[in-house]
Amino acid sequence: MNKLRYVASVCALLLVFTANSFAQDDGTPVDLAKYTNRQMLPDFTAASCPDNPHGLTQIKGNLYRHTTGPGLAVHSGLVLITKEGAVVIDPAMTCTSGWLRDEIIKRFDVKVKYVIYTHAHADHISGSQIFKDDGAIVVAHKNAIEPIVGEKLPVPVPDRVFDKDMTITIGGEIVKLHRVAPSHSDSMIMVSFPGYKALQCTDVCENKSMPYNDFLDFYYDGWIETLDWVLQQDVDVIDIGHYTPATKEDERALRDYMVGLHQQVLDLVRQGQSWDQLYRNVQFSDETKKWIAYDQMHTLNILGMYRWVSNHRRGEW
């Protein structure tokens, strides 16, 4: 009887150990067979880039941030290191993803277990095939599949997708993926690391920097809803996918800027101003004029908001 109890105890311990020692997620598997022979464009990030700056720096504990690219072109994403493997967000470039894969193995002796797409834009998710070929699971919002396939992006179709929420448990750490609303893409998600009060809010969030260009692939209402959600989160560090990490105060300033720009453009359109008049009459605060890329982006921001306003009003008829 004692022997039986011993065996049962050992088995129970093994079950507990097994349940707690393997990475898990509650995403929905994708039937990848449908996409086996899909057409893909050439990878614009694949050319050798030995002089391209890149790095992997510690944020706190097991949480790191990878960067690739120079100056205003820098792209970034958070990286979680655990004994069961790493989680990488948005590799960004094929020509530096091999370095990142090897750096993680060299420094931490683990392979990448998960790659997360924040949204289906090639400038953030290129290079993910390097990790996929090495055994990683690719995760994204369900809406990411259509543009990846339709735009022939040279990246892996996600292995797992989700609708509203998804959780990855790995090495005693928790990673939460959340869909708020369409914002800087219909496939955009937020990725939080509760144990570190850190959030990946790529392209939707900014750090004293202008939103990109003329708001390509843009949903104004959802963008504001997403910023409202960010402001409710208990986070200290927000990686924005570019430049340097931000704070909630930076996102409050961005929200004020976006709402103010929308209202100005709407008011001027309602006054009957043509584009040639309108863009000259939009006003920017002295603080906003100090933001990164203001000179390059402020007129383009007006153009994008003008297009949104024009497409989302009926007028008198």
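Modeller: A residue counts as buried under 20% relative accessible area, as exposed over 50%, and as partly exposed in between. Please keep in mind that this is a predicted model.

Colleague: Is Arg 101 buried, partly exposed or exposed?

Modeller: Arg 101 has a relative accessible area of 25%, so it is partly exposed. Its salt-bridge partner is Asp 102, with the closest N and O atoms 3.0 Å apart. Asp 102 is also partly exposed, because its relative accessibility is 40%.

Colleague: How many salt bridges does a search of the whole structure find?

Modeller: The search finds 15. One of them joins the side chains of Lys 106 and Glu 103, at 3.4 Å from N to O.

Colleague: How far apart are Lys 106 and Glu 103 in helix 2?

Modeller: They are three residues apart, so about one helical turn separates them. Glu 103 is buried at 12%, whereas Lys 106 is exposed at 64%. Glu 103 and Lys 106 also belong to a network of salt bridges with Arg 107.

Colleague: Turning to helix packing, at what angle do helix 7 and helix 9 cross?

Modeller: Their axes cross at roughly 60° and come within 9 Å. Helix 7 is therefore oblique to helix 9. The crossing is right-handed.

Colleague: Which residues meet there?

Modeller: Among them are Tyr 257, Leu 261 and Val 265 in helix 7, and Ile 302, Met 305 and Trp 308 in helix 9. By class, the contact has eleven nonpolar, two polar and no charged residues.

Note on methods: Residues numbered from 1 in each chain as written. Predicted model: local features only at pLDDT ≥ 70, side-chain atom pairs only at ≥ 80, totals over all residues. Heavy atoms only, no water. Axes fitted to C-alpha atoms, helices over the stretch in contact; angles between N-to-C directions. Helix = DSSP H or I, 4+ residues; strand = E, 2+ residues; numbered from the N terminus. Parallel < 35°, antiparallel > 145°, perpendicular 65-115°, else oblique. Left-handed = near helix turned anticlockwise from the far one by under 90°. Contact = heavy atoms within 4.5 Å. Nonpolar A, V, L, I, M, F, W, Y, C, P; charged D, E, K, R; others polar. Salt bridge = Lys/Arg side-chain N within 4 Å of Asp/Glu carboxyl O. Buried < 20%, exposed > 50% of the residue type's maximum accessible area, 1.4 Å probe, protein only.
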